[in-house]
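Let us take a friendly walk through a protein chain, one feature at a time. Keep the sequence and the 3D view open as you read.

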Amino acid sequence: MAERAQDTQVDVIVCGAGPAGVFALRELHRAGLRAICLEARQRIGGRIHTVRSVSQRHPTELGAEFIHGKDAVTWKYINEFGLETQEFPSGKAHVDGALNVDHSQQCMAALHAMAISASKSGKGDTPLKEFLRSPEVTVLLDQSHLTRRQLQQLLKNDLSAPLGQLSVQSLVDVQTDGYQSNHRIVGGYGELIRRAAEGLDIRTGCPVRRIVWEPQNIDVFTAREKFHARYAVITLPVGVLQARDVAFDPALPKDFLDALHALDPGRAVKSAMVFRRNEKGKAFWPDDVPQIITPMKTQLYWRSDWGEPQSRGAFSVNNLTAGLDAEYFDDEESPVDRMDILLRQLGHIFGRSLGKMRSMLKVGKQVAWHNDQYAKTGYSTLRAEGDPAARKVLGTPIHNTLFFAGEATRCSEEDVASVHGAIDSGLITAQRILACEKVESAA
Ligand SMILES: Cc1cc2nc3c(=O)[nH]c(=O)nc-3n(C[C@H](O)[C@H](O)[C@H](O)COP(=O)(O)OP(=O)(O)OC[C@H]3O[C@@H](n4cnc5c(N)ncnc54)[C@H](O)[C@@H]3O)c2cc1C
């Protein structure tokens, strides 16, 4: 369709209304700048996607679910908005067919510390798979009562990239606060975004197509409109940027593009299921088991109704399958066949046939984020050959005009590949723009 110019003039255009975009916009708006956000989807939140259509009893997270750690910036807003949270326990887990005390969080935290010290002693480029076979890791596994396979499953889940393409540095690069604690927002993660977005000018259903720019002078084109500003905050996921879904004119600098391709966008399939209990109110999944780690492709299941008053009729289970295993779902053509993968593997764990599992499933929903048009990303990971400074390059403003933010960027020391890292990057970016404004008005 031909572009018809209907120029809207503002100070800042934010592209993308995920956590990074919404919190950047909020900060800019509160400081008195004219700022709008253009969002491709018909909803806000990005990879935070809370729905009410799966369970009638509680919100369901089809994207991000947990606040990782106790120091996340998210807590500031949880308190400000008065949102209720609930801790997900790190106690028992069903591991390889047996109910065990779960040491996985401590193990992952120790592994991360070992990776940091290996990196400091110049071994950051050691292939991750080789590092996982090292004697120190073997000792750690023995102490943690985990097998190497289980550890690999957890790493795939955490990193969302093929382990064979990663190095020790890839592990150093990610946030690890989730190894301390994980909390869920009782009213849904979407509430955080909804409250933050109150009173802001966010235009949904507006995919950005082209950005024409020169210092302090930007035109952003959607299919029907043209927007003009002095600054742009671009929070598009790394997979969308790598696919060049948005054209930049002139093209982005080479060091930026190199940094972009130093990251693997990752693959992640998130599934939510509600199962019927039997006529005696019993669930095939014991009510005192919060999560399951399986050596099969589907990696990690957990009770998403944990801590809720138990219903006698039904119970809820979520699954996250990430990394190359997520592509296993891509081989199936229909949503029913993709759901059957989970039912078959969960049925295998609990000794139930596929037919029985199907008969107990009330509702099942799934999102393959790496195939989603406006994500094309699970969560980003530094590739083995990637420059460790890549995220910093991505978070460095271009001519104080184009400001990239979001989970893949590192604008200061914030945690990447997480909601709180994305929020932080949005806040820091907004502050940088405000600093530019001060300098300009002082000049
Ligand atoms: C399955 C899954 C589970 C996760 N679990 C957790 C978790 O438990 N805890 C945690 O902290 N993190 C989790 N994450 C990571 C977290 O969701 C992301 O780090 C975070 O959402 C990134 O925020 P963002 O604003 O950078 O990007 P996004 O949330 O992806 O937002 C980017 C926005 O840009 C929009 N967009 C794309 N193209 C265009 C275009 N052309 N024009 C305009 N807009 C466009 C998108 O629609 C989207 O709204 C998970 C991610 C996935 C996929």
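Pro250 is found in the loop between β16 (247-249) and α10 (254-261). Names such as these follow DSSP: helices are runs of H or I with at least four residues, strands are runs of E with at least two, and both are numbered from the N terminus. A cis peptide bond joins Asp249 to Pro250, with omega about 0 degrees. Most peptide bonds are trans, and most residues other than glycine have a negative phi.

Before going on, please note that this is a predicted model, in which local features need pLDDT of at least 70 and side-chain atom pairs count only at pLDDT 80 or more, while totals for chains, interfaces and linings use all residues. Residues are numbered from 1 along each chain as its sequence is written.

Two residues other than glycine have a positive phi: His145 and Ser160. To compare their surroundings, count C-beta atoms, placed from the backbone, within 10 Å of a residue's own: 20 or more others make it buried, 12 or fewer exposed, and anything in between partly exposed.

Now for a sheet. In which order do the strands of the open sheet of 5 strands run? The order is β11-β3-β2-β15-β24, with parallel pairing. Strands count as paired if DSSP finds at least two bridges between them. β11 (202-203) and β24 stand at the edges with a single partner strand each, so one side of each has no neighbour in the sheet.

Further in, strand β2 (residues 12-15) pairs with β15 over 4 bridges, and Val12 stands opposite Tyr231. β2 also pairs with strand β3 (residues 35-38) over 4 bridges, where Ile13 faces Ile36. β15 pairs with strand β24 (residues 402-404) over 3 bridges, and Leu402 is the bridge partner of Ala232.

In a regular strand the side chains alternate between the two faces of the sheet. Strand β15 (residues 231-234) is covered on both faces: Tyr231 and Val233 are buried on one side, Ala232 and Ile234 on the other.

Phe404 lies in β24. Phe404 is buried, with 28 other C-beta atoms within 10 Å. Leaving aside residues up to four places away in sequence, Phe404 touches Ile234, Leu394, Gly395 and Thr409; such a contact requires C-beta atoms, placed from the backbone, within 7 Å.

Next, a helix. Which residues of helix α8 (residues 189-196) are buried? They are Tyr189, Gly190, Leu192, Ile193 and Ala196. Seen down the axis of α8, these buried residues fall within an arc of 155 degrees, so they line one face of the helix. The arc is taken from the directions running from the helix axis to the C-beta atoms. Among the elements covering them are α1 (19-30), α2 (74-81) and β10 (182-185).

Finally, look at the ligand. It is surrounded by 42 residues, the closest being Gly16, Gly18, Gly46, Gly406 and Glu407. A residue belongs here if its C-beta atom, placed from the backbone, lies within 6 Å. The elements giving two or more residues to this shell are α1, β6 (66-68), β18 (268-276) and α15 (419-442).

Notes
Two residues are in contact if their C-beta atoms, placed from the backbone, lie within 7 Å.
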